[in-house]
Amino acid sequence: MSDIIKTSDFDMEFRDEVFKEPDADKITLCFNCTGCTSGCPMAEQEPEYNIRKFLRMANLGMKDALLNSPYLWYCTTCYKCQERCPQGVKNVDTLLKIRTIAIDNGIMLDNHRKVSQLVIKFGHAVPINDDAKEKRKDVGLDDTPPTVHKFEDALGEVQKLIKITGFDELVADKEETS
Amino acid sequence: MSKLSFFLGCIAPNRYPGIEVATVKTLEKLGIELVDLKGASCCPAPGVFRSFDKITWLALASRNVTLSEEMGLDILTVCNGCFGSLVDANNIMKEDPGLKEEVNKILKEIGHEFKGTIEVRHIIEYLSQEVGPEKIKAAVTIPMGLNVALHYGCHLVKPSKERHLGSVENPRFFDELVEATGATSVDYEDKMACCGAGGGARTAVLDTSLQMVVNKLEHMKAAGVDCIIDACPFCHLQFDVGQTEVKKKFDKVYDIPVVHYSQLLGLAMGLPLSELGIDQNLIVNEEFNKKIERIRGGANE
């Protein structure tokens, strides 16, 4: 038996927020052909990840159910669904917009938080380590690449940029509250 | 001689540096000079950053683009993720005056300004469009008689409205470059399927992400290939590290070597094995190494 959807759960302000992403309002054109989900390689592994359903929920303004779904974070952004949609729905771009709204509402996976913090600290999501330095030398390279890893001023620019946009606060460790 | 700046990204220089060496040396042989893009950062990783905050993603990517604008050079990437992030950001900044103004206010604070004067290129589409398979074939000294499973990866060709590289279901341009090295690009089931790493999925839900790579590996194994050829260090990591993970987690063993196209080109141009870093992968397959040795004869070091 399906769950009953209550109109009292519809939050049209949330829908308006999603529609701020260019062409996100194309989800209103969806006629449920399911071309997106039937080709989705993630849905093949995890049927609970259903991009069509997620975009329908966004269109109905089902903010809480959508933002709190753990499956929101399963999309690999392969764009297969977006390419196949006969209605020109921007499936992936719209999903990414929904994710940013989840983040603004404090919903963030710890592992993603950690990756973001690596970029703030080192300027790289996958920073250098001792093993990699040895590997670099073994193939005849300098042990440090000519990126922010080598130029402190450049790392300073990246860190300043992140402070200006407030990204450092956005992904800061949360104070444990009981 | 053509000249581009070389955007390294994270995973190539910091995990698989053989890709970095192979790219510089093989392109030099094709008359393309790569200049260091000094002080570049993470592209930043589109899966996490676009999911978190569009302005931070756009500003960091735009900063990387401005570094190359200041040198008056187009950017070359060897990674689908970096390509996706930088091309998409470059296009948005060129097409959306409002976002451009907002981001330029931020960039001004750190001494840069996005002007919109350069293009972002990926090694595969660049070689395909600017060099062509015939010229590559002519530069090959040791035709690599290998049967390979070619993995395009997603963000090289998609979204097609941004990439303009033709069919996303049955593209041919990368196959042509592989075949120019003397290798055979073997057809396999669901060839265009995603490796499972992108979108922050590998970070968020590793086991499910690995199930996707298992699917690909099963199809590649069924096709009986010597190795995988990719054009993205993140796909590369998913295939290489991923094979060790699926062995531990799901008791599945494949031992399929993982080779970036630049490394395949290096093999075919007779570059010393010691510079190509293929043996730095976690997956080392002795049978494959012997086959390379047989094909290259005296060219190994």
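Biologist: In what order do the four strands of the open sheet in chain B lie?

Modeller: In this predicted model, the order is 6-5-7-8, and the pairing is parallel.

Biologist: Which are the edge strands?

Modeller: Strand 6 (184-185) and strand 8 (258-260) of chain B, each of which pairs on one side only.

Biologist: How many bridges join strand 5 to strand 6 in chain B?

Modeller: Two bridges link strand 5, residues 147-150, to strand 6 of chain B, and these strands run parallel. Within strand 6 of chain B, Thr184(B) is the bridge partner of Asn147(B).

Biologist: What holds strands of a sheet together in general?

Modeller: Strands pair through backbone hydrogen bonds, in either a parallel or an antiparallel manner.

Biologist: Turning to the helices, at what angle do helix 4 and helix 5 of chain B pack?

Modeller: Helix 4 (residues 54-71) and helix 5 (residues 80-95) of chain B pack at about 95°, and their axes are 9 Å apart. An angle from 65 to 115 degrees counts as roughly perpendicular, and helix 4 and helix 5 of chain B are therefore described in that way.

Biologist: Which residues meet there, from helix 4 and helix 5 of chain B?

Modeller: Helix 4 of chain B brings Leu58(B), Ala61(B), Ser62(B), Asn64(B) and Val65(B). Facing them from helix 5 of chain B are Ser85(B), Leu86(B), Ala89(B), Asn90(B), Ile92(B) and Met93(B). By class, this contact of helix 4 with helix 5 of chain B has seven nonpolar and four polar residues, with no charged ones.

Biologist: And the contact between the chains: how many residues does it take from chain B and from chain A?

Modeller: It takes 55 residues from chain B and 49 residues from chain A.

Biologist: Which element of chain B gives the largest share of the side that touches chain A?

Modeller: Helix 4 of chain B does, with six residues. Other elements giving two or more residues to that side include helix 2 (17-29), helix 6 (97-109) and helix 12 (206-222) of chain B.

Biologist: How do the residues on that side of chain B divide by class: nonpolar, polar and charged?

Modeller: The side of chain B that touches chain A has 27 nonpolar, 17 polar and 11 charged residues.

Biologist: Finally, what does the secondary structure of chain B come to?

Modeller: Chain B has 16 helices and eight strands. Its C-alpha atoms fill a box of roughly 55 × 45 × 35 Å along the principal axes.

Biologist: What is the radius of gyration of chain B?

Modeller: Chain B has 19 Å, which agrees with the value near 19 Å for a compact globule with 301 residues. Buried residues account for 57% of the 301 residues in chain B.

Methods. Residues are numbered from 1 along each chain as its sequence is written. Chains are lettered from A and ligands numbered from 1 in the order in which they are written. This is a predicted model: local features need pLDDT of at least 70, side-chain atom pairs count only at pLDDT 80 or more; totals for chains, interfaces and linings use all residues. Two strands pair if DSSP finds at least two bridges between them. Axes are lines fitted to C-alpha atoms, for helices over the stretch in contact, and angles run from 0 to 180 degrees between N-to-C directions. Angles under 35 degrees count as roughly parallel, over 145 as roughly antiparallel, 65 to 115 as roughly perpendicular and the rest as oblique. Two residues are in contact if their C-beta atoms, placed from the backbone, lie within 7 Å. Ala, Val, Leu, Ile, Met, Phe, Trp, Tyr, Cys and Pro count as nonpolar, Asp, Glu, Lys and Arg as charged, and the others, Gly among them, as polar. The radius of gyration is taken over C-alpha atoms; the globule rule is 2.2 Å times the number of residues to the power 0.38. A residue is buried if 20 or more other C-beta atoms lie within 10 Å of its own, exposed if 12 or fewer, and partly exposed in between; C-beta atoms are placed from the backbone.
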